[in-house]
Amino acid sequence: MDVLLAFTRPSLDWHALAPELTLLAFGTLITIVDIIWDDRSKQTMPTLAGIGLLATLVPILTLAVDGTERSMFGGAYVVDDFSLVLKALFLISGYIVVLMSVDYIREGDYYENEYYTLMLTSLLGMVMMSSSRDLVSVFVALELLSIPAYMLAAWRKGGPRSNEAGLKYYLMGVFASAVMLYGMSLVYGLAGSTTFDVIAQELGSGSSNPVAVLGILFVLIGFAFKVSAVPFHTWAPDTYEGAPTPVTAFLAVASKTAGMVALIQLVFVAFLVRDDVIQPFFWLISALTMTVGNLIALRQTNIVRLLAYSGIAQGGFMLVPFAVAADAPARAIEAVVIYLAIYAFMNLGAFTVVLAVARKTRSGEIDSYSGLFQYAPGLAVAMTVFLAALAGIPPAGGWFAKFGLFRALLDAGGGWAAALGVIVAINTVIAFAYYARVLMPMWFQPVTDGDERPIVVTGALGAALTVTLLATMAFGVLPGLVGHFGEVSVLSALGG
Amino acid sequence: MLLNQFLILGAFLFAVGVYGVLARRNGVMVLMSIELMLNAVNINLVVFGVQHGVVSGQVFALFVIAVAAAEVGVGLAIVLLLYRNRTSIDVEDFDLMRG
């Protein structure tokens, strides 16, 4: 074959790769420190991981100030404003998860050093995902973020529930990536290239091939598992309940965001020409995900399972703009990015409160929240803010995310968009019911077991609460903050 | 070139793999079924690469092989962990959480 040309070294833009390299360096550093100092180094691990995540934000800031779009490896890896906004979001979510993990992992007698190494590795995969514009790099980034997460879910080695969580997450995750790969192989077969730009051209030219429909659907179904969209959500509640709570927060926020980021690029860059396939697919799947997630959430008695189903329903809301991807692309991307940013803070905040309360009550049942206001007023107020945000009540942040959805649907117009808007509205009302079921006993009922000792909030948890609370309120009161990032990311995602 | 025959082989292997994942209860057999699915993908990628006359398909297949090895490593570790705690690798035995 004459295509086997001599190998030439691709030119590397070290500045563009600096965030990934910093993260990799800190992950390696933690392993080396662990090997040299062993148990004596345990105390410093969370600090080191936190410094690593904050240090990675520095090159992201310098790249953002620089502002030029950098493309490497024949367009397979692109650093633009869209990817920088999402990289920063992943790193900040990761930092909050590290804050949540400090006491939980230390007191639970878990392996500490490996925990933080794997978390940084998984975050590296997410950071890479936001720059990937090629089937191979999307696949590698997806596996790099998933494989450590399988291990984290099963981190409580002796606990049967954690084992089961790991098994279910692993089997569903690997099965989904096999289905996704089969779809990718078909898409590659039609386009003859793995780069998104070329795929978009090839899918757009020529007659409509049924194999293309099959390939696109398989790829989208693979990612539907990742973002736990109904009917591919069955792993999520079990995995969330069984996994250690900080890991659950990590999966519910960072891992889901990564799946959404991959979907944004696949749908808006590679597959947008086949809107006859993607728009009905996402219409159906987002309507199902919202409705089923909310209805099952109504009858949950465990707070983590409730948040799991609420997370599934929130994922359904995030999928709504994809249903108008071709009709109003700019508004749709903006809506998804804004939703992801707000969702990250309000959901991480809710999980932080769950962690803080569980340190005293040792229970995940909703009943154990009765009378929380009487002995932990601060936590009760914080939980109220986060749940109000998730429900979409102003002034907490969530309303602006929902507003973005409606704006995208209105811009698209037409009967189908209007019908989806009605479904969103109905689901928002259903969601009030189960968030209120947590809030009412917290404020108005007496303490169930009469134990009114106050809850001691540790420094790390307090910091996590402060950050998430401030961000959630700031996004609600000054939506321009997050709106700006949304607009910036749209320009670069569609301009490329 | 025998494009169709290779694609049919790939589709058949993929279908066998999906059947294995859904029907088998033994954890190790489920892992092997997933490997079948991934190998079906590899056949597709290599055949399409040859048909288009570009090497990117073969390179993609190499990536899939490498990542599949890592995946199975983690999978076997999880199955081993389950066997230690429960002395069973029947995936249907693990149903502590429902609803």
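I'm working on a predicted model, where local features need pLDDT of at least 70, side-chain atom pairs count only at pLDDT 80 or more, and totals for chains, interfaces and linings use all residues. Residues are numbered from 1 along each chain as its sequence is written, while chains are lettered from A and ligands numbered from 1 in the order in which they are written.

**Entry 1: helix 7 of chain A**

Helices here are DSSP runs (H or I, at least four residues), numbered from the N terminus. I looked up helix 7 (residues 196-204) of chain A and found A:Phe196, A:Ile199 and A:Leu203 buried. Why do these buried residues line one face of the helix? Seen down the axis, they fall within an arc of 55°, taken from the directions from the helix axis to the C-beta atoms. In general, an α-helix has 3.6 residues a turn, so residues three or four places apart point the same way. I then checked the cover over the buried residues of helix 7 of chain A, and it includes helix 6 (160-191), helix 8 (210-226) and helix 10 (245-270) of chain A.

**Entry 2: A:Val269**

I stayed with helix 10 of chain A, where A:Val269 is found. A:Val269 has 18 C-beta neighbours inside 10 Å, so I put it down as partly exposed. Leaving out residues up to four places away in sequence, A:Val269 touches A:Arg133, A:Phe196 and A:Ala200; contact means C-beta atoms, placed from the backbone, within 7 Å.

**Entry 3: two helix pairs in chain A**

For angles I use axes fitted to C-alpha atoms over the stretch in contact, on a scale from 0 to 180 degrees between N-to-C directions. Helix 3 (residues 81-107) and helix 10 of chain A pack at about 170°, axes 9 Å apart. That makes helix 3 of chain A roughly antiparallel to helix 10 of chain A (over 145 degrees). Among the residues that meet, I noted A:Phe90 and A:Val97 from helix 3, and A:Phe250 and A:Val253 from helix 10 of chain A. The contact divides into 12 nonpolar, 5 polar and no charged residues.

Next I looked at helix 1 (residues 14-37) and helix 4 (residues 113-129) of chain A, whose axes come within 9 Å and cross at roughly 165°. So helix 1 of chain A is roughly antiparallel to helix 4 of chain A as well. Their contact divides into 11 nonpolar, 5 polar and 2 charged residues.

**Entry 4: chain B against chain A**

I found 34 residues of chain B in contact with 35 residues of chain A. Which helix of chain B gives the most to this side? Helix 3 of chain B does, with 15 residues. The side of chain B that touches chain A divides into 25 nonpolar, 7 polar and 2 charged residues.

Most residues other than glycine have a negative phi, and most peptide bonds are trans. A:Ser228, not a glycine, has a positive phi of about 50°. A:Ser228 sits in the loop between helix 8 and helix 9 of chain A and counts as buried, with 28 C-beta neighbours inside 10 Å. A:Pro231 lies in the loop between helix 8 and helix 9 (235-242) of chain A too, and a cis peptide bond joins A:Val230 to A:Pro231, omega about 5°. In chain B, B:Thr87 has a positive phi of about 45°. With 8 C-beta neighbours inside 10 Å, B:Thr87 counts as exposed.

Notes: A residue is buried if 20 or more other C-beta atoms lie within 10 Å of its own, exposed if 12 or fewer, and partly exposed in between; C-beta atoms are placed from the backbone. Two residues are in contact if their C-beta atoms, placed from the backbone, lie within 7 Å. Angles under 35 degrees count as roughly parallel, over 145 as roughly antiparallel, 65 to 115 as roughly perpendicular and the rest as oblique. Ala, Val, Leu, Ile, Met, Phe, Trp, Tyr, Cys and Pro count as nonpolar, Asp, Glu, Lys and Arg as charged, and the others, Gly among them, as polar.
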